[in-house]
Amino acid sequence: MTPGPTTAATLETALLAPHTTLGLGGPARRLVRATTADEVVERARAADGADEPLLLVGGGSNLVVGDAGFAGTALLLDHRGHEVVERDADSVVLHAAAGHDWDALVADTVADGLGGLECLSGIPGRTGATPVQNVGAYGVEVADLLVGVDLYARRTGRRGPAAASDLDLGYRTSRLKGARNVDGEIVLGVRFRLTTDGLSAPIRYAELARVLDVAPGSRVPVADAREAVLGLRRAKGMVLDPDDADSRSAGSFFTNPVVDTETAARVAARTEERGQVPVTAWPQPDGRVKLSAAALIERAGIPRGHPGVHSPVRVSTKHTLALTHRGGGTTDDLLALARDVRDHVAVAFGIVLEPEPVLVACAL
């Protein structure tokens with residue numbers, strides 16, 4: 001049973017599985033909740049003072065926890081709220097607490113006629129995670145809109161703002177992610193610059209433009225863009241729905257690989273030899289090419305629904321990039337499936353896919 005909101009420092013159960021969208025993972029040694037930014041800092045300092053490993057848990061939508069659990073303190077980030085902090089003739093700066101539900105924030109901006117975040121609709125998780133991995137979808141990345149973040153650095157004890165330009169934002173990464181986060185910085189709040197004319201960001205993603213029946217680069221009412229994005233995501237099982245087993249995942253399990261032109265040409269040649277539809281490729285500003293991980297998986301012989309309807313974990317029946325848990329499985333089951341998918345792609349194309357979720361007390 002998932003504990004309800006509370007300001008109590010220590011929760012009665014340390015189970016982590018109910019706090020992840022996969023519903024997998026063992027217990028933490030200690031599970032605490034923070035409902036304000038000050039509490040986040042206080043709980044983190046307490047763990048560090050006790051020389052206790054610390055795991056930050058938001059919506060659990062990008063988290064894979066090992067079956068043995070986490071030998072430390074898991075901190076649930078549950079501080080919420082958002083407000084406009086700056087305004088000019090055609091835009092505002094919106095500040096949101098890091099623990100605020102991301103899609104709820106997007107929905108509120110759309111309801112207020114603010115443009116920019118609508119193409120990131122339906123993504124599960126908390127707001128503070130979005131700059132950490134530079135979340136992106138349907139032609140928009142957090143980096144396009146991010147003004148800055150509020151940080152607490154565990155190593156130095158410093159607490160204060162940082163500009164987006166200081167975060168080294170890249171494709172699904174930033175200096176706040178994983179081993180790059182040398183100061184153990186925790187995101188406490190996030191600031192976005194949004195437009196006020198009620199129109200979306202330019203529609204760059206071809207599939208979304210087709211659904212909206214507009215030319216690429218067009219702007220549409222924010223509510224129309226959000227509705228179209230949610231429809232596309234639902235069709236792929238990428239919107240959390242208790243009635244849809246395909247949505248019980250960690251989202252895209254692998255990132256789209258960015259490769260040199262020689263590798264991209266080799267992939268194209270191999271698919272042509274097999275008479276397959278080419279793998280979708282996007283040229284990058286640095287001369288490299290981003291390839292569709294989903295297409296690589298499919299061309300490597302992993303179908304939707306693999307490995308079978310009776311398995312507790314399997315590839316989504318709607319989208320090969322999502323690995324789903326249908327109850328009764330383990331993290332080891334999930335990792336075995338991930339290795340199978342990864343190895344098929346490596347054998348077929350010589351590309352090793354990298355996992356997108358954070359792996360805790362487990363590894364591929």
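Student: How far apart are the end C-alpha atoms of residues 24–197?
Tutor: They lie 43 Å apart, and the span is 16% helix and 36% strand. Helices (H or I, at least four residues) and strands (E, at least two) are DSSP runs, numbered from the N terminus. This is a predicted model: local features need pLDDT of at least 70, side-chain atom pairs count only at pLDDT 80 or more, and totals for chains, interfaces and linings use all residues. Residues are numbered from 1 along each chain as its sequence is written, and side-chain values use heavy atoms, leaving out hydrogens and water.

Student: Which UniProt annotation covers 24–197?
Tutor: The unreviewed entry gives "domain: FAD-binding PCMH-type". UniProt positions follow the numbering used here, feature names are shortened, and annotations may be inferred rather than shown by experiment.

Student: Switching to α2. Which residues are buried there?
Tutor: In α2 (residues 102–111), Trp102, Asp103, Leu105, Val106, Thr109 and Val110. Buried means under 20% relative accessible area, exposed over 50%, partly exposed in between (1.4 Å probe, protein chains only).

Student: Why do they line one face of the helix?
Tutor: Down the axis of α2, they fall within an arc of 155 degrees, so they line one face. The arc is that of the directions from the helix axis to the C-beta atoms.

Student: What do they pack against?
Tutor: β5 (82–87), β6 (91–97), α3 (129–132), β11 (185–195) and α5 (222–235). Contact means heavy atoms within 4.5 Å.

Student: And Thr255, buried or exposed?
Tutor: Buried, because its relative accessibility is 14%. Thr255 sits in the loop between β12 (249–252) and β13 (258–259).
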